[in-house]
Structure formats: structure tokens, C-alpha cells
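Take a moment to look at the sequence and the 3D structure together.

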Amino acid sequence: MSSLRNAIQRRAHKERPQPESRKKFGLLEKHKDYIVRAKAFHQKEETIRKLKEKASFRNPDEFYFKMINSKTVDGIHRPKPEANKYTEEELMLLKTKDMGYILQGIQSEKKKIEKLSSMLHELDNKRPNKHVYFAEDREEVKEIQSRIEQKSSSLGLDNIPSRIKRKTASSYRELEERKQRVQKLEKLYADMALQKELKKPGRKRKLREDEIENQTSRPVYKWRAQRKR
């Protein structure tokens, strides 16, 4: 009987809107709005209660190093900037590891570019037609030429399915993106290699534009020759 009672369609009772005389007070709060507001209020109340309890049990002799190693900026605890804890040798080793990781990424991208280029090579370069036709007169030559043109037009790009066209276009876009990524990684690798060389001991100076033989947009340094013992 309960299932039959629930099957009967009942009227959906809606909450009344704000009366016309009270429109100046804004929207009338519904029960669902009250639930959200009550949950937020009780949550804040519980947070304040826990903080009060934590403060009441606090040990006045309690000490943490964070108390002196951090400061409050706009109500937010921020740690004090600490000096570099790594030596020059350790920093050089870290830079070498980073350069090795970037070089590995460059080699991986180049392999993928080579694989994609070999796949798309057949679409770019059509195989030359080496078929030899023999004709007895000019009429037969014209007939063979028209037949070849008709065959080549039927095998054009217009007859390629749209799915393959979309896949080919996507592959070309991927190839271009990978080439750009390799260029960025190579530039980053060159910058890191330059910074690593500049960290090494020895007198050096930056060359002027008129001293550079092969003009380039990147800075060029020259190290003073040292006699090796």
C-alpha cells in the first residue's frame, strides 16, 4: 500500500515569495538558505571553541624555532629569507644535473620529431611515375595522356577521407609544436651552459659587437689565456 500511496501525484508545495510590502528588505530567505547559513555559523562557532581550548592548555614556556625564524606579514606567517645553504661545488653539481635532464629531453624530442617526419614523408613527396607507355600514333598518345590525367585527378587529395585529413593535420601541428619545444629547450640549455662556464675561475670579458666575427644576438665572452703547469 505504501508504494501505491507514493505513486499518486501530489501537489508540490512551494515556499512563498517576499510580500510586495516587504520588497524593500530584499529576497525572502528560504529554508535551504537558512540551512547553509546555520552550518556556516556553527562551523565558525566550533572553530572558535577549539582555538579557545587550545589557548587555555597552552604552555607559557613553550618554544619553537619558528617563533624566531619567521615573521608575520599582513597577518600571514612567512619564514625569514635564509642565506644560500649550498656551497659553490654543490650548486655546480645541481646545475650539471639540470643540464643533463634538459639534454635528455632534447634528445627525446628529436627522436619523436624524426619518427613523425618519416611518417609524414610519404605524403609530402610523391613517388615518381616510372611507367613507360608505347603508342603507335598521335591519337593514341592523346588518349593515354588523358587517361593518366584522369587517374591522377581521381587519386588527388579530394578523395582522401576527412578522418585521415584531420589526423594528418593533427600530426603536422604536433610536429611543429615539438620543433618549437626543441628550440626552447636548446636555448635554455645554452643559457645554463653559459652560466656554468661563467661560474668557473679565470679572467674573462664580454666582447663588443665590432670584435665578434660571426654576429649573433647572444653575448660572447673571451677568457684570458692561462699557462698550464
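What follows is a short tour of one surface patch and some charged pairs.

Before we start, keep in mind that this is a predicted model, in which local features need pLDDT of at least 70 and side-chain atom pairs count only at pLDDT 80 or more, while totals for chains, interfaces and linings use all residues. Residues are numbered from 1 along each chain as its sequence is written, and side-chain values use heavy atoms, with hydrogens and water left out.

Let us begin on the surface. There, F63, Y64, F65, M67 and I68 make up a nonpolar patch, with about 570 Å² of accessible area together. Patches are built from residues with over 30% relative accessible area and no salt bridge; like charges are joined within 9 Å and nonpolar side chains (Val, Leu, Ile, Met, Phe, Trp, Tyr) within 5 Å. The areas come from the Shrake-Rupley method with a 1.4 Å probe, and for residues only the protein chains shown count as cover. Helices here are DSSP runs of H or I with at least four residues, numbered from the N terminus. I68 has a relative accessible area of 46% and is partly exposed, a label for values between buried (under 20%) and exposed (over 50%), again with a 1.4 Å probe and protein chains only.

Now for the charged pairs. Side chains of opposite charge can pair when their charged atoms come close. A salt bridge is counted when a side-chain nitrogen of Lys or Arg lies within 4 Å of a carboxyl oxygen of Asp or Glu. How many salt bridges does a search of the whole structure find? The search finds eight. In one of them, R37 meets E29 at 2.7 Å, N to O. Both ends are partly exposed: R37 has a relative accessible area of 48%, and E29 has 41%.

Next, move along to helix α6, residues 162-199, where E174 and R178 are four residues apart and so are separated by about one helical turn. Their closest N and O atoms are 3.2 Å apart, forming a salt bridge. E174 is partly exposed at 32%, whereas R178 is buried at 14%.

K187 and D191 are also four residues apart in helix α6, so about one helical turn separates them. Salt bridges that share partners also join E109, E174, R178 and R181 into one network.

How values were computed
Helix = DSSP H or I, 4+ residues; strand = E, 2+ residues; numbered from the N terminus.
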